[in-house]
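Okay, thanks for having me, everyone. Let me put the structure up and then talk you through the parts I found worth a look.

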Amino acid sequence: MLKITDLQKTFNPGTVNEKMALTGLNLTIEDGDFVTVIGGNGAGKSTMLNAIAGVWKPDYGTIEIDGVDVTNMPEHKRAKFLGRVFQDPMKGTSPDMEIAENLSIAARRGTRRKLVWGIRKAEREQYRELLATLELGLESRLSCKVGLLSGGQRQAVTLLMATLNRPKLLLLDEHTAALDPKTAAKVLEITDKLVTENKLTTLMITHNMHDAIAYGNRLIMMHEGHIVVDVSGEEKKKLTISQLLGLFEQASGSAMGDDKVILSK
Amino acid sequence: MAFLYALPGAIAEGLIWGLMAIGVYISYKILDIADLTVDGSICTGACVCAVMLANGSPVWLSVVVAFMAGAMTGILTGLLHTALGIPSILAGILTQLILYSVNLSILGSKSLIAIDPRANTLLVHMSNNPRSIVAAGMIIVAVIIGLWLFFYTEVGLTLKSTGDNPDMSRAQGVNVKFNKVLGLAIANGIVALAGALLAQYKGSANINDGRGAIVIGLAAIFIGLSVSMKIKPNFVVSLIGVIGGGIVYYVVYNFVVLLGLKTDYLKMLSAIIVALFLAVPYLKNEYFKKQTPARIQTTPPAASNEGGDANA
């Protein structure tokens with residue numbers, strides 16, 4: 001489904017702020033995998049997701065989605081393969097537009113947009129049903145401007161938008177980090193439901209080790225721009241947080257204590 | 001009394017400037033670009049229309065070609081911005097300067113071309129204000145209906161989202177660059193259409209027409225939206241508000257002229273109006289913010305950062 005080969009990216013090359021964000025990243029994800037990604041600040045997690053989404057071009061290496069080389073494909077073109085939810089709840093929706101309008105724009109991701117009516121009647125009914133599954137009471141607020149919603153509600157709508165037409169790959173960039181714990185748990189629950197129901201191939205970055213273990217069928221840990229730990233299947237199911245900390249120390253050569261700012265239990 | 005005599009003229013001219021302000025509304029409010037092309041493209045519209053009328057073209061054709069010429073100027077600014085990576089405000093300034101030369105060459109190196117209302121059938125002219133008001137009003141209604149329909153199409157919705165949230169738009173597969181060019185083309189097409197009407201109304205196209213047009217457009221938008229947003233904040237009401245803003249602007253303009261303000265100062269007055277509208281909300285918030293107790297919330301509170309910090 002996703003094949004990343006020797007991906008490299010350096011920000012601000014040749015300056016004092018030079019930062020090697022990706023240092024030869026290799027990753028292959030199979031169809032239907034739900035992969036959680038953990039790692040310290042600056043490990044390259046978001047950089048990897050942005051590279052897959054095409055926010056900028058990598059310096060070296062290739063990215064293939066579903067057998068198509070997308071390395072040089074512009075962001076809006078490869079969007080047809082992807083569903084994305086950002087860390088910032090403000091980033092994934094258009095605040096000055098209605099919930100239904102936001103959903104209708106997402107529903108047409110990957111199609112050529114025409115000069116025909118932007119939302120059909122039947123569509124509104126479909127959106128109403130989908131919003132009802134979120135159990136946030138949004139189904140009665142279809143014509144409400146998204147800017148009036150809370151961060152958690154906006155993130156839930158963004159999730160719905162990202163999964164509307166079954167993307168080949170769902171990219172979740174710490175999408176619960178900016179929410180309060182209760183809302184975060186709710187959004188994660190919705191995430192898991194959408195991913196399972198639609199059998200979506202998913203990459204989810206999280207700061208929370210417990211979530212990283214609890215969700216998905218594979219866990220990868222990044223450090224200094226590449227993958228240092230990769231566990232899946234039965235091994236991942238049995239994983240404990242202390243084992244995970246041990247794996248991190250082994251891989252990075254430093255105790256997790258130094259990095260406690262980054263990962264929480 | 002003199003003011004009442006001047007009123008129909010002020011309304012007619014206000015309608016035309018209101019139409020121009022709708023163009024500015026598309027770039028400034030919808031695309032979130034302060035597009036300085038406007039000062040040049042309104043003049044391009046006036047010049048194209050005047051020259052075509054002088055050469056015997058029918059008035060409707062002159063107006064349509066003026067619209068298309070304006071759209072081209074918007075495309076130029078859009079390409080300078082999106083294809084060449086020039087900041088949008090600078091791209092507009094560059095096009096504006098380019099258009100000064102272009103407009104001069106359209107006028108055949110003259111600074112003014114007169115339109116003879118007896119030789120041409122004109123849509124609007126200052127000699128017949130009631131008719132001008134009706135004609136300008138009909139064109140405005142057609143433009144508003146057209147825009148209303150357009151902004152609810154698949155393409156139109158993505159044009160709105162492009163200005164509102166480019167990150168979200170790109171993530172949803174919207175070609176943000178193309179949309180900016182398209183939006184600027186429509187905006188400047190409408191501005192040039194207003195320019196064509198203005199040239200007919202005044203009976204001439206002048207190379208200096210349109211200097212400060214962006215400021216007048218913004219003034220009309222701020223005046224109009226200050227009222228229409230309180231009535232109903234939707235697209236059509238906003239556009240009608242903008243037209244109203246244009247009319248109010250020209251009525252006030254005529255009023256201060258009659259009060260004896262030297263016309264030399266009028267551009268300064270326009271700038272002061274816009275500066276005030278931009279400054280007042282800021283000043284209110286910065287210096288005159290009163291403490292208000294929380295009211296019962298109708299919407300759930302925005303997400304706090306607590307969770308993020310706690311989880312970190």
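So, chain B: with 312 residues, a compact globule would come out at a radius of gyration near 20 Å, and chain B has 21 Å, so the two agree. Keep in mind that this is a predicted model. Along the principal axes, the C-alpha atoms of chain B fill a box of roughly 75 × 50 × 35 Å. Buried residues account for 49% of the 312 in that chain.

What is chain B built from? You get 12 helices and 2 strands. Reading from the N terminus, the order is α-α-α-α-β-α-α-α-α-β-α-α-α-α. And if you take the contacts in chain B between residues at least 6 apart in sequence, 79% of them join residues at least 24 apart.

From Lys29(B) to Ala50(B) you go 21 residues in sequence, and the C-alpha to C-alpha distance is 30 Å.

Now, where the chains meet. On the chain B side, 33 residues are in contact with 42 residues of chain A. Helix 6 (154–164), helix 7 (166–171) and helix 12 (306–311) of chain B each put in at least two residues on that side. Which helix of chain B gives the most? That's helix 6 of chain B, with 8 residues. By type, the chain B residues that touch chain A split into 13 nonpolar, 14 polar and 6 charged.

Over to chain A, then, and its sheet. Here 6 strands make an open sheet, ordered 6-7-8-3-9-10, with mixed pairing. Strand 6 (82–85) and strand 10 (226–232) of chain A are at the edges with a single partner strand each, so each has one side left without a neighbour in the sheet. From one strand to the next, the twist averages 20°.

Let's walk across from strand 6. Strand 6 of chain A runs parallel to strand 7 of chain A, joined by 4 bridges, and Gly83(A) stands opposite Leu170(A) in strand 7. On to the next pair: strand 7 of chain A and strand 8 of chain A, residues 202–205, also pair in the parallel sense, over 4 bridges. There, Leu172(A) is opposite Met204(A) of strand 8.

So is strand 7 of chain A buried or exposed? Of its 5 residues, 169–173, 5 are buried. Both faces are covered, with Leu169(A), Leu171(A) and Asp173(A) on one side and Leu170(A) and Leu172(A) on the other.

Further along the sheet, strand 3 (34–39) and strand 9 (218–223) of chain A run parallel, with 5 bridges between them. Val35(A) has Arg218(A) in strand 9 as its bridge partner.

Last stop, a helix pair. In chain A, the axes of helix 5 (151–163) and helix 6 (181–198) come within 10 Å and cross at roughly 10°, which means these two count as roughly parallel. The contact involves residues including Ala156(A) and Leu159(A) from helix 5 of chain A, and Val187(A), Ile190(A) and Leu194(A) from helix 6 of chain A. Taken together, the residues of that contact divide into 5 nonpolar, 6 polar and 1 charged.

That's my tour, thanks.

Technical notes. Residues are numbered from 1 along each chain as its sequence is written. Chains are lettered from A and ligands numbered from 1 in the order in which they are written. This is a predicted model: local features need pLDDT of at least 70, side-chain atom pairs count only at pLDDT 80 or more; totals for chains, interfaces and linings use all residues. The radius of gyration is taken over C-alpha atoms; the globule rule is 2.2 Å times the number of residues to the power 0.38. A residue is buried if 20 or more other C-beta atoms lie within 10 Å of its own, exposed if 12 or fewer, and partly exposed in between; C-beta atoms are placed from the backbone. Two residues are in contact if their C-beta atoms, placed from the backbone, lie within 7 Å. Two strands pair if DSSP finds at least two bridges between them. Axes are lines fitted to C-alpha atoms, for helices over the stretch in contact, and angles run from 0 to 180 degrees between N-to-C directions. Ala, Val, Leu, Ile, Met, Phe, Trp, Tyr, Cys and Pro count as nonpolar, Asp, Glu, Lys and Arg as charged, and the others, Gly among them, as polar. Angles under 35 degrees count as roughly parallel, over 145 as roughly antiparallel, 65 to 115 as roughly perpendicular and the rest as oblique.
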